[in-house]
Amino acid sequence: MKTIGEQAKEFRIWKGWTYTRMAQEVSKHQKTTVSRQKLTQLEEAGDRRPHYLYALAQAMGTTSDTLLAGQYAVPPAPRDQEKQSHAQAEAPRAPYQVVSPALAVQTLAQALSAMEPAIRDRASSLLSSLARDPEGPWSGWLVDLLAQNQRIEHPTNAGR
């Protein structure tokens with residue numbers, strides 16, 4: 001079982017974030033500012049339960065229960081052909097143009113029902129973050145999660 005600090009460090013490294021950037025992202029979900037020093041201390045001590053646990057989980061796109069259980073795992077590194085789409089997910093996106101919001105919700109529900117519960121929990125957290133902060137990176141991360149799950153579930157669809 002990984003400590004909260006180990007999980008936070010793995011996520012920060014996977015994202016390529018500095019302590020400062022991670023602190024900024026966590027602070028978006030917290031009433032008070034979380035400093036880079038607090039994140040450094042968390043990673044070094046490892047087994048602490050920070051007062052900003054919920055905000056940390058939100059920034060990582062997961063739940064505090066998952067972090068407490070030591071079960072958070074960063075997604076696998078993208079393959080070479082996926083690196084460009086992963087980098088694009090980090091870039092600000094234009095708002096999506098949907099012909100029918102009802103169709104979009106129905107399609108999302110179908111995609112969610114095909115996911116394993118652990119992946120669905122991550123999607124739930126991303127959807128919650130998206131609802132609170134539509135301008136954030138959540139939609140890109142959710143699209144990546146859905147696309148990754150589809151490739152895992154249906155590897156024969158890769159060429160379609």
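pLDDT is the predictor's confidence in each residue, on a scale from 0 to 100. The structure above is a predicted model, and its protein chain has an average pLDDT of 79. A score of at least 70 is reached by 79% of the residues.

One stretch calls for some care. Over residues 153-160 the pLDDT stays under 50, and for this stretch the model has three contacts beyond four places in sequence.

## Aromatic pairs

Let us turn to the rings. The model holds four aromatic pairs. In one of them, the ring centres of Phe11 and Tyr72 are 6.1 Å apart and the ring planes meet at 70°, so this pair is edge-to-face, given that an angle over 60 degrees counts as such. Phe11 belongs to helix 1 (residues 4-15), while Tyr72 sits in the loop between helix 5 (64-68) and helix 6 (80-90). The pair thus links distant parts of the chain, 61 residues apart. Are these two residues buried or exposed? Phe11 is buried, with a relative accessible area of 1%, and Tyr72 is buried too, at 2%.

Another pair brings together Trp17 and Trp141. Their ring centres lie 6.4 Å apart with the planes at 40°, so the pair is tilted. Trp17 is in the loop between helix 1 and helix 2 (19-27), and Trp141 is in helix 9 (residues 138-153), so the pair ties together parts 124 residues apart in sequence. Trp17 is buried at 5% relative accessible area, and Trp141 is buried at 8%. Phe11, Tyr72, Trp17 and Trp141, along with Trp14, form one aromatic cluster.

## Arg12 and its surroundings

Next comes a charged residue. Arg12 is placed in helix 1, and with a relative accessibility of 10% Arg12 counts as buried. What does the charged end of Arg12 sit over? It sits over the ring of Tyr19, 3.9 Å from the ring centre. The side chains of Arg12 and Tyr19 are also joined by a polar contact of 3.3 Å.

Beyond neighbours within four places in sequence, Arg12 is in contact with Trp17, Thr18, Tyr19, Met22 and Glu43. Trp17 is a member of the aromatic cluster described above.

## The nonpolar core

How many residues make up the largest nonpolar core? There are 27, and those with the most contacts inside this core are Met22, Val26, Leu39, Tyr52, Leu56, Met60 and Leu67. Two or more residues each come from helix 1, helix 2, helix 3 (36-45), helix 4 (53-60), helix 8 (117-132) and helix 9. Helix 4 contributes the most, with six residues.

Setting aside residues up to four places away in sequence, Val26 touches Val34, Tyr52, Ala55, Leu56 and Ala59.

## A buried glycine in a loop

Finally, here is a residue from a loop. Gly46 is located between helix 3 and helix 4, and Gly46 counts as buried at 6% relative accessibility, because the cut-off for burial is under 20%. Its contacts, leaving aside neighbours within four places in sequence, are Thr3, Ile4, Gly5 and Gln41. The C-alpha atom of Gly46 is 9.2 Å from that of Lys9, a residue 37 places away along the chain.

How values were computed
Residues numbered from 1 in each chain as written. Predicted model: local features only at pLDDT ≥ 70, side-chain atom pairs only at ≥ 80, totals over all residues. Heavy atoms only, no water. Phe/Tyr/Trp six-rings, centres within 6.5 Å; stacked < 30°, edge-to-face > 60°. Helix = DSSP H or I, 4+ residues; strand = E, 2+ residues; numbered from the N terminus. Buried < 20%, exposed > 50% of the residue type's maximum accessible area, 1.4 Å probe, protein only. Lys NZ or Arg CZ within 6 Å of the ring centre and 35° of its normal. Polar contact = N/O pair within 3.5 Å; in protein donor to acceptor, adjacent residues only side chain to side chain. Contact = heavy atoms within 4.5 Å. Core = buried A, V, L, I, M, F, W, Y, C linked by side-chain atoms within 4.5 Å.
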